[in-house]
Amino acid sequence: MKQLEDHEAFETSSLIGHSARVYALYYKDGLLCTGSDDLSAKLWDVSTGQCVYGIQTHTCAAVKFDEQKLVTGSFDNTVACWEWSSGARTQHFRGHTGAVFSVDYSDELDILVSGSADFAVKVWALSAGTCLNTLTGHTEWVTKVVLQKCKVKSLLHSPGDYILLSADKYEIKIWPIGREINCKCLKTLSVSEDRSICLQPRLHFDGKYIVCSSALGLYQWDFASYDILRVIKTPEVANLALLGFGDVFALLFDNHYLYIMDLRTESLISRWPLPEYRKSKRGSSFLAGEASWLNGLDGHNDTGLVFATSMPDHSIHLVLWKEHC
């Protein structure tokens with residue numbers, strides 16, 4: 001905590017290897033995936049800075065991966081699934097009529113979801129590539145879809161149910177998802193009825209709370225009741241984008257600094273300078289790394305990646321916890 005308060009807890013490094021703008025990032029278990037306009041996706045080991053895999057793809061607006069495969073949403077209006085080991089495209093999902101800005105999937109459900117500039121959310125069979133459903137109701141670009149298990153009981157869902165969230169710049173929509181594709185939107189959340197206030201990327205959903213940033217502050221909704229639990233103001237800094245949200249800390253940033261907020265006091269306790277770069281409006285080109293420390297520092301979880309963003313020179317700027325002496 002002292003290192004954080006003295007702004008001395010982090011260090012930085014770069015990943016260099018792409019030859020064009022990197023639009024899409026995804027982090028998991030020490031690995032960072034980058035999708036670029038150079039028509040490639042790379043998988044990096046953050047601790048060594050080494051590129052583990054590099055495969056040829058289409059233009060990537062969104063990426064998500066696991067050990068075997070990579071799923072890409074593209075500016076060419078399609079979604080594709082690729083095998084890391086061979087680089088082969090194993091599935092192609094066609095049907096959107098605008099760029100695909102966000103993807104998520106579940107191997108357990110064998111479902112892929114995509115959000116697009118055509119205002120639609122599509123639900124696909126992951127292995128077969130067929131479109132199971134198109135969810136309509138958004139009136140702006142769908143910039144984020146999240147497929148997540150619910151952790152609380154409410155009138156509409158039970159713990160363990162899969163929930164689909166989709167967001168545009170004004171609204172967050174909540175959909176049921178399962179084998180029987182029933183597609184009534186359960187609830188629409190927004191921070192202003194008259195659309196005067198935009199939501200900032202990114203949307204946080206952990207199965208208990210939905211959190212999103214706006215010009216009015218951080219909004220936290222209780223997923224059991226859909227009520228707004230609290231609005232956290234950041235008076236000293238306007239328009240902070242949300243990177244991560246836990247029980248104890250939130251990670252936020254603007255064009256100049258990374259900020260850590262202590263959620264118990266709702267005060268910013270630390271900041272870290274960021275290089276000049278352009279923050280993407282959709283939130284695809286920056287992310288938080290390891291998240292467990294957001295629930296409290298335990299003496300072991302202050303290691304690894306804190307934050308990554310793509311840079312104008314096509315490199316990736318990394319903020320890491322400083323190694324312990």
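**View A. Four-stranded open sheet in the predicted model.** In this predicted model, strands S18, S19, S20 and S21 form an open sheet in the order S18-S19-S20-S21. The pairing in this sheet is antiparallel. Its edges are strand S18, covering residues 199-205, and strand S21, covering residues 228-232. Each of these edge strands pairs on one side only. From one strand to the next, the twist averages 15°.

**View B. Pairing of strands S20 and S21.** Strand S20 spans residues 217-222 and is joined to S21 by four bridges. The two strands run antiparallel. Within this pair, Gln-220 stands opposite Arg-230, a residue of S21. S21 is also one of the edge strands of the sheet shown in View A.

**View C. Setting of His-92 in strand S9.** His-92 belongs to strand S9, which comprises residues 89-94. The relative accessible area of His-92 is 17%, so this residue is classed as buried, the cut-off being under 20%. Not counting residues up to four places away in sequence, His-92 touches Thr-78, Val-79, Ala-80 and Gly-129.

**View D. Polar contacts of the His-92 side chain.** The side chain of His-92 forms a polar contact of 2.9 Å with the side chain of Thr-78. Thr-78 is also among the residues that His-92 touches in View C. A polar contact of 3.3 Å links the side chain of His-92 to that of Arg-89. The buried residue His-92 thus has side-chain polar contacts with Thr-78 and with Arg-89.

Key:
Residues are numbered from 1 along each chain as its sequence is written. This is a predicted model: local features need pLDDT of at least 70, side-chain atom pairs count only at pLDDT 80 or more; totals for chains, interfaces and linings use all residues. Side-chain values use heavy atoms; hydrogens and water are left out. Two strands pair if DSSP finds at least two bridges between them. Axes are lines fitted to C-alpha atoms, for helices over the stretch in contact, and angles run from 0 to 180 degrees between N-to-C directions. Buried means under 20% relative accessible area, exposed over 50%, partly exposed in between (1.4 Å probe, protein chains only). A polar contact is a pair of N or O atoms within 3.5 Å; within protein, one must be able to donate a hydrogen and the other to accept it, and residues adjacent in sequence count only if both atoms are side-chain atoms. Contact means heavy atoms within 4.5 Å.
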